[in-house]
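Please open the model in your viewer and follow the stops below in order, making each selection as you reach it.

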Amino acid sequence: MAQAVWGRESELTLAARVLEPGITDPVALVLTGEEGIGKTTLWGAVLSRAQERGFQVLSARPVESEATLAFAAVADLLRDGFDQAVVSLPAPQRAALEAALLRGDREGIPEPRAVAFGFHGSLLALAGSAPLIIGVDDVQWLDAPSARVLGFALRRLERVPVGVVVALRAAPDAEVPSPLGLDGSWPEERIHRVPVRPLGLEVLRRVLLSKLGTGLPHWALVQIHEASGGNPFLALELARALVRRGVDVQPGQALQIPERLAELLSERLALLSSSVREVLLFVSASPQPTPTSIARALGDPPGFGDDVQAAVQADVIEISGDRIRFSNPLLGTALYSGSAPEERRRTHRLLAEVASDREERARHLALAAEGPDERVAQLLEDAAQRARSHGAPDAAAQLAELSRALTPAERVEARNRRTANAGRYAFESAQVERAEELLQEAAAASTSCRGVRAATASMSRTS
Ligand SMILES: Nc1ncnc2c1ncn2[C@@H]1O[C@H](COP(=O)(O)OP(=O)(O)OP(=O)(O)O)[C@@H](O)[C@H]1O
Ligand SMILES: [Mg+2]
């Protein structure tokens, strides 16, 4: 988190409004900007300052492959403060929160409202001892149950010293609503939107120097600044490509700038050895990769530690706490999408073997399947039911759709039942159109199907 941040003085001045020592009311800072423009760097700098000023900082950095993992972000936010947060909660709320976060041996069905109230109570408890900052990077990838619970709790905070610092990927100056449903529930003047702008030439020069450890001739810098539009991620990739090819190009001679970012990224990844790339593919395919989990999936190969170090050295991944993450999500996406389908299937198959969470395991098996597979469809059906029972209908709906898609054509009854389940969970997660489609399909296929009757009954009870 504490990496050097160059420039950004005006953004940090605006951010300081969230970090007033005497804050009494909730405030939010929403950092928006395009891919690679520097949101995470700025977000991290704001959080570091908050820590220096004595705020308690709860943070979560969801990644795209985690967006389906129910309550992953809430669990991250309460990672350190859980015990303090829940100590004075009413027992049902505490139990619901424990079950939702899969803490301890709590089983059973937490009531969604109890989870939401429990989280709200946790924030109040923590903010009672020191002002609180809740930081969420890449908030667009928040898993849906966490987004609901967090939004619910934040909207109900009044006269509580809580600052929210989120980074949101969005096109420059796009009219996107504030995340977590804050618009309309908090007064406008307490939501500070800060567009993260392109970097100027001088700041970019310092970023490139500090990251690459080597200066570039001024003319090359000017061309990189222009070609990247001041986007530091793109500029770094362009500069790396230039250094790779040799900077002894003459001034005035056009830089050979590959047009597509994907091309640059795969060129950079291709420099790594095949065993490092294999490790990275496993990282890109895992929702919450740790060195231990990846090593196990790979069968504890002898050179694993060196491979991880090589990837850190190449600034492709970083390790914070026990979590591995790509230094920029685009690198993970490039690697995953650039690998062969059979390699991806093998990766998911091996990850499934070591996944301790049954829901995660079922998802990996679904992504490893070459075609319809009854065993996997059944596992997904069970995982969907469990997700629903711990208050995550969105995850349940996705798992049920996968289960339905992987059901062999001849298993007519199972397919109808899974279609009906997918419809019911879609309805429960407010995807009404999809619910209607699925339930109609199931009803048309079999009017006597028990699943359809149950689903229709549950719809009429809920509506
Ligand atoms: N102000 C800065 N000072 C130093 N380095 C920076 C700065 N801004 C960005 N960088 C570097 O540029 C790269 C891209 O920045 P960052 O990851 O913060 O972008 P992002 O907007 O979060 O990207 P994404 O949308 O993909 O999440 C990183 O390597 C980061 O270290
Ligand atoms: Mg980022």
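**The second largest pocket**

By class, 14 nonpolar, seven polar and seven charged residues line the second largest pocket (Ala, Val, Leu, Ile, Met, Phe, Trp, Tyr, Cys and Pro count as nonpolar, Asp, Glu, Lys and Arg as charged, and the others, Gly among them, as polar). This is a predicted model, in which local features need pLDDT of at least 70, side-chain atom pairs count only at pLDDT 80 or more, and totals for chains, interfaces and linings use all residues. Residues are numbered from 1 along each chain as its sequence is written, ligands are numbered from 1 in the order in which they are written, and side-chain values use heavy atoms, with hydrogens and water left out.

Next select domain 1 (3-195) and domain 3 (266-354), each of which gives at least three residues to the lining of the second largest pocket (domain bounds come from an automatic or database domain assignment).

**Ligand 1**

Now move to ligand 1 and select W6, G36, K39, T40 and T41, which come nearest among the 22 residues around ligand 1 (a residue is near if one of its heavy atoms lies within 4 Å). For polar contacts (pairs of N or O atoms within 3.5 Å), begin at W6, where a backbone N or O atom lies 2.8 Å from a nitrogen atom of ligand 1. Then show the side chains of K39 and T40: a polar atom of the K39 side chain lies 2.7 Å from an oxygen atom of ligand 1, and a polar atom of the T40 side chain lies 2.7 Å from an oxygen atom of ligand 1.

Finally, colour domain 1 (3-195) and domain 2 (201-257), since the shell around ligand 1 draws at least three residues from each.

Key:
A polar contact is a pair of N or O atoms within 3.5 Å; within protein, one must be able to donate a hydrogen and the other to accept it, and residues adjacent in sequence count only if both atoms are side-chain atoms.
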